Amino acid sequence: MKGVMSFLRHPRSLFTHMVALLVGAMLVAKFASWTASLDDKAATVRRTHIEETLLRIAATSRVMDTLPREHRSDTLAAIRARETRYSVDDAPSIPPDYRLTDPQAMAVRDRLIDILDLPPSAVQFKMWNRAENAEPSWFHNPWAAIEPVEMGMKFSVRLDDGQWLNAVNRRMVQPTVWSSTSTWTLLTSILMVAAATFYISRRLSRPLRDLADSADRLGRGEAVPALETERGPEEVRRAANAFNAMAARIRRFVDDRTRILAAISHDLRTPITNLRLRVELLDEGETKSRMLETLDELRSTVEATLSFTREELGEEAVRADLSTLVESVCDDFADTGHPVHFSAADRLPLICRTSSLRRAIRNLIENALAYGGTARVSIRSDGAGAEIIVADDGPGIPEPDMERVFEPFVRLEASRNRRTGGVGLGLSIARSVVRGHGGDIRLSNRPDGGLDAIIMIPIVTSPDKEGIILRKAA
């Protein structure tokens with residue numbers, strides 16, 4: 001029951017939204033029509049009661065005309081009902097000068113005259129009910145129609161021998177508000193609305209879901225096939241066409257940028273190599289050392305800039321184990337004598353671009369080693385996402401600079417030389433890679449000293465859903 005109430009309060013999918021809206025609208029419409037029909041139901045019940053009473057009075061009057069006077073009292077006592085009392089008298093119980101003013105009562109009296117085929121002077125009638133004493137109001141309350149009403153009718157019918165059949169009928173009249181037919185009608189309507197909604201929402205949600213999945217994959221840098229443009233309503237087809245055009249433009253832009261980067265890489269590396277060869281021919285001295293150092297810095301800057309811009313866009317996403325991937329990066333550092341420690345974790349399969357993710361983790365570890373001396377790496381997961389924590393014992397980062405360090409070429413300590421501190425692209429590249437996987441990187445100073453660099457990445461494990469063609473990870 002709790003789940004149903006949560007579904008009604010917070011519908012999530014298009015189908016649940018449409019079902020909730022259409023069923024709600026149908027129930028409101030049903031309630032409104034049912035409320036509007038209460039007066040008709042009450043009027044129908046009262047008309048039926050009046051007609052039955054008139055026929056009974058007419059039949060009793062005909063029976064009395066066929067009986068001698070001495071047998072009439074006994075016969076009326078035998079046919080007396082709880083709701084109707086009869087008597088045969090020499091005078092009418094309704095005064096002859098009584099005049100009807102209510103149109104409904106006048107219509108009932110005319111109906112009785114037609115049934116008995118008597119002159120108007122031979123029939124006297126009076127009708128009342130409890131509603132006649134109600135105070136008038138400008139607002140009509142339809143709910144009052146379902147309340148029990150005591151209807152009263154008084155008859156005086158002249159018999160053939162001059163005596164009068166007097167009768168009084170009192171009955172509590174209440175219409176049937178709900179019935180099994182109404183229940184089945186409501187259930188059938190709800191089922192039909194749900195079936196129609198399911199069909200409509202399927203036609204709408206499938207292309208929208210494909211559009212959302214393709215947009216998510218395109219944002220992660222994956223190759224996205226063109227969406228079908230012949231499914232769904234006009235608005236959905238237009239959105240699919242617009243997405244296909246946007247994806248094609250982005251792909252052309254990426255391809256053009258890749259070609260330009262390849263040309264820049266060739267054009268820059270060649271003159272740098274030529275310069276280095278020429279410098280090597282110079283005599284040994286301080287000038288030669290500085291020139292070689294400058295060339296090395298220039299080469300490092302070019303390589304780092306190209307790496308940051310390229311982000312390995314051509315790499316294919318594959319299924320891998322996150323724990324094994326992180327452990328292998330840590331082992332590479334440990335094998336070269338760096339103080340990098342990894343806390344073993346359970347297997348955590350996910351789909352990722354392994355080379356890019358390795359580079360992001362490696363950049364964070366290098367940053368921890370450069371500024372903290374050691375790096376402690378651990379993994380934690382809640383099933384939906386994972387966090388890779390790289391902790392160091394360095395001085396930390398001032399709070400105002402927490403975001404600024406992710407900007408390209410930003411180095412907080414200008415005194416460090418580039419051979420140990422890099423060119424200021426490590427964190428920028430790491431965040432770009434992680435965001436390409438749908439995650440992010442957060443930095444946090446520990447109260448006892450040191451910095452935690454936390455990679456937050458969602459766990460994507462369904463290649464069919466993501467449309468990823470898997471290959472064996474290296």
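Modeller: Cys 352 is buried, because its relative accessible area is 1%; buried means under 20%, exposed over 50% and partly exposed in between, with a 1.4 Å probe and only protein chains counted. Cys 330 also counts as buried, at 2% relative accessibility. A disulfide is a covalent bond between the sulfur atoms of two cysteines. Here the rule is a pair of cysteine sulfur atoms within 2.5 Å, and by this rule the count is zero disulfides.

This is a predicted model, in which local features need pLDDT of at least 70 and side-chain atom pairs count only at pLDDT 80 or more, while totals for chains, interfaces and linings use all residues. Residues are numbered from 1 along each chain as its sequence is written, and side-chain values use heavy atoms, with hydrogens and water left out.

Now the sheet. Helices (H or I, at least four residues) and strands (E, at least two) are DSSP runs numbered from the N terminus. The sheet is open, has five strands in the order β6-β8-β9-β11-β10, and its pairing is mixed. Its edge strands, each pairing on one side only, are β6 (340–342) and β10 (440–445). From one strand to the next, the twist averages 20°; axes are lines fitted to C-alpha atoms, for helices over the stretch in contact, and angles run from 0 to 180 degrees between N-to-C directions.

Strands of a sheet pair through backbone hydrogen bonds, either parallel or antiparallel. Two strands are taken to pair if DSSP finds at least two bridges between them. Strand β6 pairs with β8 (residues 375–381) over three bridges, in the parallel sense. Within this pair, His 341 stands opposite Arg 376 of β8.

Helix α10 (residues 354–372) packs on the sheet and touches β6, β8, β9 (385–392), β10 and β11 (451–458). Contact means heavy atoms within 4.5 Å. The direction of α10 makes about 25° with that of β9.

Helix α9 (residues 322–335) has 14 residues, so at 1.5 Å a residue it should span 20 Å; its end C-alpha atoms are 20 Å apart, which agrees. The expected span is 1.5 Å times one less than the number of residues. The buried residues of α9 include Leu 322, Leu 325, Val 326, Cys 330 and Phe 333. Their cover includes β5 (318–321), β6, β7 (349–352), α10, β8 and β9. Just after α9, Gly 337 takes a positive phi of about 90°.

Helix α12 (residues 426–436) lies across β10 and β11, running at about 130° to β10. The rest of the structure largely encloses α12, because nine of its eleven residues are buried. Among them are Leu 427, Ile 429, Arg 431, Val 433 and Gly 436.

Arg 431 is buried because its relative accessible area is 8%. Leaving out residues up to four places away in sequence, Arg 431 touches Glu 403, Phe 406, Asp 440 and Ile 441. Arg 431 and Ala 360 are 71 residues apart in sequence, yet 7.3 Å apart in space, C-alpha to C-alpha.

Most residues other than glycine have a negative phi. Asp 117 is not a glycine, but has a positive phi of about 55°. Asp 117 sits in the loop between α5 (103–116) and β2 (123–129), and is exposed because its relative accessible area is 68%.

Last, the whole protein, for context. The protein has 13 helices and eleven strands. Of its 474 residues, 36% are buried. Of the contacts between residues at least 6 apart in sequence, 69% join residues at least 24 apart. The accessible surface comes to about 28,200 Å², and 56% of that belongs to carbon and sulfur atoms; such areas come from the Shrake-Rupley method with a 1.4 Å probe, and for residues only the protein chains shown count as cover.
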